[in-house]
Amino acid sequence: MGSQGLEVQKLQSQLQDLGFYKGLVDGKYGSTTQIAVAQFQKIKTLKRTDGIADQTTQVSVQAAILSKNQFATSPIVASPSPDTQSAATTKPKQKDFVWWSLLGIGIFGSIGALLFLLKRFRQSKQAQQSQDSPLPALSPAAEDPIQSTLPELDSTSINPETTTQTPTSALPTVVSVEKTSRLAKLNIVDELIKDLHSNDPTKRRKAIWDLGQQGDSRAIQPLVDLMIDADSQQRSLILAALSEISTRALKPINRALAISLQDDSPQVRQNAIRDLTRVYDMMAQMSQMLGHALEDPDAEVQATAKYALTQIKRMRNIAVQPNLPEDIHKEPG
């Protein structure tokens with residue numbers, strides 16, 4: 001009681017449409033509005049029947065308005081006739097029947113489409129298998145179908161004039177067998193090198209790792225070029241890949257040098273020793289770079305460089321033979 005505003009005006013209008021409110025729609029919750037609300041609550045058998053429009057009552061009023069607008073029935077106060085009741089009960093049944101019919105049609109249509117797709121897939125798979133199957137071997141008589149079907153001609157009766165005037169329609173028509181083309185095999189290394197320029201960082205890292213596992217020397221230069229614009233994590237991964245490729249490349253070089261040193265020709269053995277010196281010279285350059293790493297500001301980097309130089313020195317001491325002449329480093333003329 002005493003409430004005012006648009007909500008009260010809306011409630012009065014709804015109750016008026018339902019036939020409960022007979023007063024003026026002025027937005028003031030007076031005694032007339034309270035009586036109308038109480039009548040509605042009694043008709044709808046709500047728990048509250050004191051004429052106060054709580055949330056349950058408002059929801060029930062809105063539901064009654066929707067029901068009235070949807071089915072265009074008479075006000076709730078008026079008692080429906082038997083004909084109206086039968087019509088109201090048959091309409092939902094007809095509507096349910098239509099919905100169930102549409103649902104059944106949709107289910108059967110989906111099953112039919114699925115069976116059709118499965119049938120087409122099997123046909124295409126069988127056709128592909130028949131195309132991939134090798135052609136049967138031809139017998140010697142059937143290897144040249146054109147030659148076997150042409151009549152035997154005497155070599156003495158053939159001259160340029162008769163051969164040019166012979167119509168082509170007189171020859172039997174032979175259908176040539178078309179060979180199926182195979183798909184070109186993709187070069188894995190080339191595809192991985194292309195992935196080095198991908199915008200996806202995950203794809204780039206995977207390409208770097210796979211190139212290292214492939215051990216192909218073609219990937220060395222693309223990996224070195226990628227290090228220029230790479231971040232620290234990616235540079236570390238690139239260096240690991242290059243180390244793996246170099247290790248795999250040095251193994252056949254080592255075997256080739258061992259075979260060359262056992263060759264009967266002194267010239268071949270001499271060239272093998274010179275080539276081995278080139279590899280050792282590259283190791284000396286790396287030792288110089290490790291020497292600069294001893295001055296790195298990071299203590300752990302200095303310790304790692306010191307450990308690497310110690311290992312290289314140990315390997316050099318093992319490789320040097322005792323009692324070598326003093327001019328060992330002079331290259332023979």
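## Close-up views of an all-helix predicted model

**View 1. A207 and its contacts.** Setting aside neighbours within four places in sequence, A207 touches L192, D195 and L196; contact means heavy atoms within 4.5 Å. The model is predicted: local features need pLDDT of at least 70, side-chain atom pairs count only at pLDDT 80 or more, and totals for chains, interfaces and linings use all residues. Residues are numbered from 1 along each chain as its sequence is written, and side-chain values use heavy atoms, with hydrogens and water left out. A207 sits in helix α8. Helices (H or I, at least four residues) and strands (E, at least two) are DSSP runs, numbered from the N terminus. A207 counts as buried because its relative accessibility is 1%. Buried means under 20% relative accessible area, exposed over 50%, and partly exposed in between (1.4 Å probe, protein chains only). The C-alpha atoms of A207 and K194 are 8.7 Å apart. Along the chain, A207 and K194 are 13 residues apart.

**View 2. The whole chain.** The protein chain has 12 helices and zero strands. Its pattern along the sequence is α-α-α-α-α-α-α-α-α-α-α-α. Of its 333 residues, 15% count as buried. Among contacts with a separation of 6 or more, 40% join residues 24 or more positions apart. The accessible surface comes to about 26,900 Å², by the Shrake-Rupley method with a 1.4 Å probe; for residues, only the protein chains shown count as cover. Carbon and sulfur atoms hold 58% of that surface.

**View 3. The buried side of helix α7.** Helix α7 spans residues 188–195. Its V189, L192 and I193 are buried. They lie on the same side of α7 because they cover an arc of only 105° around the axis; the arc is that of the directions from the helix axis to the C-beta atoms. The buried residues of α7 pack against α8 (201–214) and α9 (220–226). At the start of α7, a side-chain oxygen of N187 comes within 3.1 Å of the backbone nitrogen of V189.

View 4. The whole structure holds eight salt bridges. A salt bridge is a side-chain nitrogen of Lys or Arg within 4 Å of a carboxyl oxygen of Asp or Glu. R218 pairs with D190, with the closest N and O atoms 3.8 Å apart. R218 lies in the loop between α8 and α9 and D190 in helix α7, so the pair ties together parts that are 28 residues apart in sequence. R218 is partly exposed at 41% relative accessibility. D190 is partly exposed at 33%. K203 forms a salt bridge with D195, and the closest N and O atoms are 3.9 Å apart. K203 is partly exposed at 40%.

View 5. The side chains of D210 and K206 meet in a salt bridge of 2.9 Å, N to O. Both residues lie in helix α8, four residues apart, about one turn of the helix. K206 is exposed, at 54%.

**View 6. A nonpolar surface patch.** W100, L103, I107, F108, I111, L114, L115 and L118 make up a nonpolar patch on the surface. Together they have about 900 Å² of accessible area. Patches are made of residues with over 30% relative accessible area and no salt bridge; like charges are joined within 9 Å, and nonpolar side chains (Val, Leu, Ile, Met, Phe, Trp, Tyr) within 5 Å. I111 lies in helix α4 (residues 82–132). I111 counts as partly exposed, at 43% relative accessibility.

View 7. T57 is found in helix α3 (residues 55–71). Its relative accessibility is 2%, so T57 counts as buried. Apart from neighbours within four places in sequence, T57 is in contact with V37, F40, Q41, L46 and I52. T45 lies in the loop between α2 (31–43) and α3. T45 counts as exposed, at 66% relative accessibility. What is the phi of T45? Phi of T45 is near 55°, a positive value in a residue other than glycine. Most residues other than glycine have a negative phi.

Terms used
Polar contact = N/O pair within 3.5 Å; in protein donor to acceptor, adjacent residues only side chain to side chain.
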